[in-house]
Amino acid sequence: MEYDNFSTWKRHAPWIFRVAVALVLFIASGILLLIAFSLTNKIENTELAGMAFGSFIIFGFGLFFFITSFGKMRLAWRAFCRSKGRYTKSEKVIFSERAELARAQVAAAQLAGDLFDGTWKPQNPPWDVVMGQSEQTLCAANANYARFYGSDVTYSQSSGFLMGHPTLVAVGVLAMAMGNKARRTQADALAKEQWREQQEVLAVVTNHRVLCRRHDGTWLSFYFSGAISMDIDSTTGTMIVQFPDTQPLMLGGTGGLYAAVAAVWALRGQQGLEGHPGLAYLRSLEQDQNA
């Protein structure tokens, strides 16, 4: 997608440059090789070999530039196809996700404006959600949910007593060692801290918290006042919240943006909506709408 906003020349310049450099290097390699052949009876064999080796090196660089030009050609071709409305399956998925994010950002900017102006109206929460005193539902939407933590992983090691020819025994021992190392590496990768439980959830956003209903039907509650850190990026539509007593939470998509706006409003009020750097993109959208 990197070439989509480029001019025609800027789009084609990378592969044209590589092809041109490759041709120059191929010609230089050929000329050097011809010179070496013409001086076969006039120079030492070591000098002749040096010239031939130099020709080979120059040819290798030319081949590198020529081969890498195909990747740039493909990018330019795909950009041209997209400009004509012809997309691959993966590109359609990407554009769909971008369109969904854009709609979520517009909706979140509208929510931020309503909260700032005091014109928002409470909504009815899902029937299976119990609300607290003075708690009101702002909105509900799907969100991309994940938690960040490590895990305890166990793995088995192969061992045994091998008998037979020394070579076969050595091969068996080496195979067991390699197998044990592979299982240990895989276990370490699974155990390290990473974003887990990634799934789409229903996020119910209130003036106090965000409630997430996971795939297994479990409701989890995250109070804004209990957070110790919030990292909000409205350009990517994500919010990462850290708590002192549970694993960090990441929410993305429409529900994540709604939760980010509600959290800033609940903790910082109008001043937060007006100045939080993580909501800058939403403020720019709201200004464009009002312009």
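1. Let's start with the aromatics: F26, F59, F66 and F70 form one aromatic cluster. Rings of Phe, Tyr and Trp (its six-membered ring) pair if their centres lie within 6.5 Å, with planes under 30 degrees apart counted as stacked, over 60 as edge-to-face and the rest as tilted. By this rule there are eight aromatic pairs. One of them joins F64 and F65, edge-to-face, at 5.7 Å centre to centre and 75 degrees between the planes.

2. A word on the source: this is a predicted model, in which local features need pLDDT of at least 70, side-chain atom pairs count only at pLDDT 80 or more, and totals for chains, interfaces and linings use all residues. Residues are numbered from 1 along each chain as its sequence is written, and side-chain values use heavy atoms, with hydrogens and water left out.

3. Helix α3 covers residues 89-117, and its 29 residues reach 42 Å from first C-alpha to last, close to the 42 Å expected at 1.5 Å a residue. That expected span is 1.5 Å times one less than the number of residues. Helices (H or I, at least four residues) and strands (E, at least two) are DSSP runs, numbered from the N terminus. Among the buried residues of α3 are E91, A104, A108, L111 and L115; buried means under 20% relative accessible area, exposed over 50% and partly exposed in between (1.4 Å probe, protein chains only). After α3 comes G118, with a positive phi near 75 degrees.

4. Now the open spaces. The largest pocket has a volume of about 400 Å³. Of its 20 lining residues, E97, N144, G252, G253 and T254 are the closest to its centre. On a 1 Å grid over the protein atoms alone, a pocket is an open set of points with protein on both sides within 12 Å along at least five of seven lines, a cavity is a set where a 1.4 Å probe fits but cannot get out, and lining residues have an atom within 4 Å of a point. Grid points are joined across faces, edges and corners, and a volume is the space filled by probe spheres set on the points. The lining has six nonpolar, 10 polar and four charged residues; Ala, Val, Leu, Ile, Met, Phe, Trp, Tyr, Cys and Pro count as nonpolar, Asp, Glu, Lys and Arg as charged, and the others, Gly among them, as polar.

5. The second largest pocket holds about 180 Å³ of space. F116, L273, E274, R283 and E286 are the closest to its centre of the 12 residues that line it. Helix α6 supplies the largest share of this lining, five residues.

6. What of enclosed space? There is one cavity of 30 Å³ or more. V210, F222, Y223, F224, M230, M239, V241, F243 and L249 line the largest cavity, and by class that lining is nine nonpolar, no polar and no charged.

7. Finally, G237 sits in the loop between β5 (229-233) and β6. G237 counts as buried, at 0% relative accessibility. G237 and L282 are 45 residues apart in sequence and 10.0 Å apart in space, C-alpha to C-alpha.
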